[in-house]
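Dear colleague,

I am handing over the structure we spoke about, and I would be glad if you opened it before reading on. My notes follow below it.

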Amino acid sequence: MKKVRVFAPASIANLGCGFDIMGLALDEVGDILDMTLEEGEGISIINGTDVPLPEDPEANVITPVIRKFFEMTGLSGRIEVCICQKIYPGSGIGSSAASSAAAAYGVNELFDCPLSEEELVVCAMEGENLASGGYHADNAAPALMGGIVMIRGYEPLDLIKLPVPGNFYCAVIHPAIVVSTKEARSILPKAVPMHDAVRQWGNVGGLVAGLYSGNIGLIGRAMRDYVAEPYRKQFIPGFDELRAAVLESGALAMNIAGSGPSVFALADRGETAQKAGAIMKTHFDRLGIPYEAYVVKVSNKGAKLLAR
Ligand code: HSE
């Protein structure tokens with residue numbers, strides 16, 4: 001029998017303008033899995049947390065990730081997974097990706113790492129597909145690789161790790177509003193007007209240039225999203241007023257985290273992120289909506305082994 005304990009971080013997808021192609025990993029917050037390998041075949045999952053998760057293993061993102069690993073490697077074995085720490089599903093900070101990334105990383109460790117990091121992202125995307133009905137890697141890739149990752153293309157998968165400016169903080173608030181990724185994807189139009197597409201790809205280029213040059217002002221103004229946010233902000237009461245107040249406080253940008261309902265603000269100083277976080281809390285307090293809030297540093301670390 002072999003056993004590992006693995007961690008994969010929470011992540012924020014899209015980063016405003018990078019719908020489905022950009023995401024970053026957060027420090028400290030994440031999922032922890034204990035995984036064991038025994039002789040035989042099959043996958044069993046125990047939920048050791050009080051976070052509600054599907055009882056049927058076929059409905060848990062971990063199962064298709066492990067199956068994809070077996071398919072890609074030709075290996076087999078009996079895998080038992082105990083979920084020891086879990087980000088609340090539907091929070092918008094990559095809950096399904098954290099489980100998927102941890103499962104991919106853990107099963108690879110159990111078999112002495114036959115797959116590359118990029119191949120593990122392919123495995124983790126199976127979990128994302130089960131959770132959201134789409135093969136997107138903008139949470140799974142940073143959850144595995146850490147830092148800020150851009151997906152240049154999906155066919156074939158072409159991942160680019162972008163530089164993270166030294167002091168990069170994120171204020172994240174998760175209001176108690178239910179927004180499923182499936183629903184938040186289904187409301188998006190199938191076509192983007194040319195005018196919006198031009199603004200969006202200008203911003204993606206600007207964001208990448210800003211990250212490489214460390215130009216904080218450019219990063220901030222490039223994060224505006226013209227593709228998904230106009231349709232999704234309806235789920236977040238008072239989104240425009242909240243953003244105006246957060247930007248006024250000195251944050252670089254404020255956007256929906258992934259498909260929401262979490263909202264995040266980026267700042268180049270811890271104090272500014274704290275201020276932005278306080279404004280977000282006041283906003284949801286006034287609306288009488290409970291929330292969870294964090295101020296965390298953007299992490300350069302992705303999935304990791306905690307114990308063997
Ligand atoms: N890029 C995905 C979306 C992320 O916005 O639907 C889901 O967390």
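Predicted model: local features only at pLDDT ≥ 70, side-chain atom pairs only at ≥ 80, totals over all residues.

Domain 1 (2-162 + 299-307) and domain 2 (169-297) each contribute residues to the shell around the ligand, so the ligand lies between them.

The ligand sits in the largest pocket, and among the residues that surround it there are F19, H136, T181, R232 and S259. Sorted by class, this shell is made up of two nonpolar, six polar and four charged residues.

Some of the surrounding side chains can be followed atom by atom. In the side chain of D20, an N or O atom is 2.6 Å from a nitrogen atom of the ligand, while a polar side-chain atom of R185 is placed 2.7 Å from a ligand oxygen atom, and the side chain of N139 has an N or O atom 3.1 Å from an oxygen atom of the ligand. The ligand taken alone exposes 260 Å², of which the protein buries 96%.

The backbone also deserves a careful look. N14, which is one of the residues surrounding the ligand, has a positive phi of about 80 degrees although it is not a glycine, and its place is in the loop between β1 (2-13) and β2 (22-38). The peptide bond from E155 to P156 is cis, with omega near 0 degrees, and P156 belongs to the loop between β5 (148-154) and β6 (157-162). A cis peptide bond also runs from G260 to P261, with omega near 5 degrees, where P261 is in the loop between β8 (253-256) and β9 (263-267).

With best wishes

Definitions and conventions:
Residues numbered from 1 in each chain as written. Heavy atoms only, no water. Near = heavy atom within 4 Å. Polar contact = N/O pair within 3.5 Å; in protein donor to acceptor, adjacent residues only side chain to side chain. Areas by Shrake-Rupley, 256 points an atom, 1.4 Å probe, with all protein chains shown as cover. 1 Å grid on protein atoms, 1.4 Å probe; cavity = no way out; pocket = protein on both sides within 12 Å on 5 of 7 lines; lining within 4 Å. Sits in = over half its atoms within 2 Å of the grid points. Nonpolar A, V, L, I, M, F, W, Y, C, P; charged D, E, K, R; others polar. Domains from an automatic or database assignment. Helix = DSSP H or I, 4+ residues; strand = E, 2+ residues; numbered from the N terminus.
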